[in-house]
Amino acid sequence: MSPKHVRQARGVVGIPSHSPFLARVSGPHEAPNCRPPDHQFFTAGGWVEEQRGVLAVGGQRRPPTPSPWGASIGCCLSAGVPLPYNGKVAGLASVEGLEIGFPRPPGGVVRVVRGGEFAVTEGDSVALVGESGCGKTLSALALTNLVPEPGRIVGGRVVVDGEEVRGLSEARLQRLRGAVVGYLWQEPGMAFNPLLRVGVQVAEAGVLRYGWSRRQADCRAVELLRAVGLENAEALAAGYPHQLSGGQRQRALLAAALAGDPRLLVLDEPTSALDPLAQQSLLELIGRVQKARGLAVLLITHDLQLAARVARRVVVMYAGETVESAPTQELLAAPAHPYTQALLYCAITPPGGVPRPRGEELATIPGRVPPPEAWGGVCRFAPRCDRAMARCRTAHPALTELTPERRVRCFLHAGAEDGGG
Amino acid sequence: MAEHTLLAAIELGRRYPQRGAWVRRGPGTIPALRGVTLRVEAGESVGVVGPSGAGKSTLARLLAGMEAPDEGTIAVRGVVVSPAPARRRALLRRTVQLVFQDPATSLNPRQRVGAAVREPLTVRGVGRREAAQRGLELLRLVGLWGGDALAKRLPRDLSGGERQRVALARALACEPQVLVLDEPTAALDASVRGQVVNLLHALWRQRGVALVVVTHDLALVAALCQRVVVLVDGTIVEEGEARAVLAQPRHATAAALVAASAPTLRGWNLKGCAHVGP
């Protein structure tokens with residue numbers, strides 16, 4: 001950050017340039033423990049301003065305080081600055097009737113998600129389950145309006161932390177990212193910038209949210225890496241992503257996701273690149289982190305079995321829409337939608353616990369997810385469904401409440417209504 | 001003994017250069033495999049399991065002749081084919097074919113499905129018309145019944161399971177006796193994984209193709225393999241009948257792998273769901 005940008009930032013909040021506070025600030029990096037009143041950061045989205053209500057006491061050195069949590073997660077709360085982002089609880093994130101569209105050359109828009117619905121409350125764990133191409137990842141990206149260009153949210157409501165995401169300015173969105181919603185991506189190899197040191201990337205969210213100085217960021221990065229169970233954290237933080245093994249990278253990525261103290265952690269196929277040992281230990285780690293911080297978790301996976309291990313609620317998505325949503329136990333015991341039933345029986349080891357003997361045919365779902373152009377006004381699963389009726393091919397079912405906890409989008413269930421589009 | 005074994009890898013060793021080494025000549029210093037001996041009889045199915053970094057993929061690449069071992073030899077029916085001059089190495093390539101983990105990256109994205117399957121045939125000198133005919137037969141063999149229309153499609157138009165079946169059809173074009181599969185289902189959805197597993201099983205049973213399944217998915221080994229080899233840090237630590245090893249692993253790492261895979265091996269135990277949430 002150059003002095004010029006700091007000057008611009010001062011202009012924004014209108015602190016007079018003769019302020020005695022500013023007179024002592026020689027620059028953000030020269031006086032690492034003395035924070036200027038506001039910051040600008042260059043991110044992928046452009047210059048972003050961050051104004052904080054808490055001003056550091058001018059000129060006083062503030063060494064990073066030791067964490068009251070010791071080496072456990074949650075060390076960042078000791079950074080001495082802000083309280084949780086907004087102070088709001090419950091209904092952390094909810095998505096209703098989500099539609100995400102991508103422009104199609106001759107002037108049209110293809111809506112690849114049409115009818116995404118799920119909600120995550122504070123401290124909850126929810127799994128989004130479905131085959132690839134069902135819109136799981138896009139729906140999770142919509143939580144912070146990170147839908148990749150040229151796609152965008154074209155319909156529905158996405159409310160995160162009490163705010164409607166669609167209308168938010170880029171600066172407000174930037175505050176949600178990392179500070180309310182943290183992401184752990186599927187491919188740890190691709191999620192890191194190969195040219196930047198691991199420590200810098202791990203601390204980035206914290207730098208953006210809390211304005212950590214470089215020295216503080218280095219310190220926190222090491223603390224975070226230790227907290228996710230990485231040995232030799234100093235060396236790893238100083239190294240580059242390619243020097244880490246797959247399991248280490250995934251842990252470092254988790255540390256990076258936690259740096260901004262998010263309240264919702266989105267895990268996109270977190271274990272599919274890992275061997276069973278690393279999978280197990282990562283899942284256990286995430287469980288510990290979740291308990292220690294009261295984090296909410298949104299797991300994205302195609303593996304219902306993994307979802308069952310982690311989540312209290314399962315939301316099944318098919319062809320861009322939510323088809324079933326239920327508490328995990330109920331869903332596994334009595335899946336209501338034919339797609340959920342089919343997914344359950346696709347596992348190499350089916351429910352019931354008896355491994356299939358070698359040579360027995362494994363169940364599959366014939367056909368494939370239809371492309372968005374073919375969705376029409378009918379049930380999207382009907383072509384692959386062995387219980388499809390005449391009505392399924394002429395009307396589109398709405399997501400209907402079975403019990404207060406369960407919803408399903410299928411005409412097989414009494415009371416299912418025509419949902420249009 | 002070795003004369004009768006279809007594929008015999010004896011005391012294989014492979015070293016890779018140290019990370020960041022400027023000169024990558026000669027054998028490296030990091031041992032990826034040490035003294036690995038694996039015999040594959042005709043029509044057998046063997047699983048190779050182990051944690052990441054154990055050398056599973058290195059073994060697969062050596063068996064398929066993509067790399068030459070630094071120590072030890074690979075023999076096909078008693079003929080040493082690796083390390084060996086190019087002419088004899090060709091025998092290894094005819095006998096053993098490798099199928100990669102991710103069909104999205106192992107297939108040429110700009111090559112149509114039919115051309116991809118025909119390519120190994122035309123390389124062997126099969127005429128164009130006959131190659132087209134055999135290509136369609138191969139696609140049907142792997143359960144892709146789309147005919148000409150399917151052969152004209154690009155890999156991106158296919159689902160993950162279909163793509164992996166195209167990769168299998170291509171590997172089968174040279175009529176190999178051994179298929180080495182490096183994580184054949186890791187990149188696939190649970191819903192299409194069964195397609196590939198069923199197909200592999202049918203190929204093994206009906207056509208007598210020997211399978212070497214390299215994976216960390218023990219459920220896949222249980223579903224496909226007769227015998228299993230556990231590889232840890234480049235050496236074989238346990239070997240035996242698949243069901244016996246999975247039921248009662250003796251080596252500590254093998255036991256840890258089995259324990260970590262318990263949820264996938266034992267299926268859903270509704271009471272045992274370890275919920276992370278409060």
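How many bridges join strand 6 of chain A to strand 7 of chain A? I will come back to that in a moment, after a word on what we are looking at.

This is a predicted model, in which local features need pLDDT of at least 70, side-chain atom pairs count only at pLDDT 80 or more, and totals for chains, interfaces and linings use all residues. Residues are numbered from 1 along each chain as its sequence is written, while chains are lettered from A and ligands numbered from 1 in the order in which they are written. The predictor gives the complex an ipTM of 0.80 and a pTM of 0.78.

Let me answer the opening question. Strand 6 of chain A, residues 152–160, is joined to strand 7 of chain A by two bridges, and these strands run antiparallel.

The loop between helix 3 (136–141) and strand 6 of chain A holds A:Pro150, and the peptide bond from A:Glu149 to A:Pro150 is cis, with omega near 0°. A:Asn145 lies in that loop between helix 3 and strand 6 of chain A too, and its phi is near 55°, a positive value in a residue other than glycine. For comparison, most residues other than glycine have a negative phi, and most peptide bonds are trans. Because A:Asn145 has 19 C-beta neighbours inside 10 Å, it counts as partly exposed; on this scale a residue is buried if 20 or more other C-beta atoms lie within 10 Å of its own, exposed if 12 or fewer, and partly exposed in between, with C-beta atoms placed from the backbone.

Still in chain A, the axes of helix 6 (residues 198–210) and helix 7 (residues 214–227) come within 8 Å and cross at roughly 105°. That makes helix 6 of chain A roughly perpendicular to helix 7 of chain A, since angles of 65 to 115 degrees count as roughly perpendicular, those under 35 as roughly parallel, those over 145 as roughly antiparallel and the rest as oblique. The axes are lines fitted to C-alpha atoms, for helices over the stretch in contact, and angles run from 0 to 180 degrees between N-to-C directions.

Let us turn to chain B, which has twelve helices and ten strands. Of its 278 residues, 49% count as buried. The mean pLDDT of chain B is 86, and 90% of its residues reach 70 or more, pLDDT being the predictor's confidence in each residue, from 0 to 100. Over residues 268–278 of chain B, however, pLDDT stays under 50. Where pLDDT is low, the predicted coordinates should not be read in detail.

Chain B also has an open sheet of four strands, in the order 2-1-4-5, with antiparallel pairing. Its edge strands are strand 2 (30–40) and strand 5 of chain B, each of which pairs on one side only, and the twist averages 35° from one strand to the next. Strand 4 (residues 71–76) and strand 5 of chain B run antiparallel and are joined by three bridges, with B:Ala75 opposite B:Val80 of strand 5.

Finally, consider helix 8 of chain B, residues 190–207, whose 18 residues reach 26 Å from first C-alpha to last, close to the 26 Å expected at 1.5 Å a residue; the expected span is 1.5 Å times one less than the number of residues. Its buried residues include B:Val192, B:Val196, B:Leu200 and B:Trp204. What covers the buried residues includes helix 11 (304–310) and helix 13 (338–345) of chain A, together with elements of chain B, among them helix 7 (160–172). Helix 8 of chain B is followed by B:Gly208, whose phi is positive, near 70°.

Technical notes:
Contact = placed C-beta atoms within 7 Å. Pairing = 2+ DSSP bridges.
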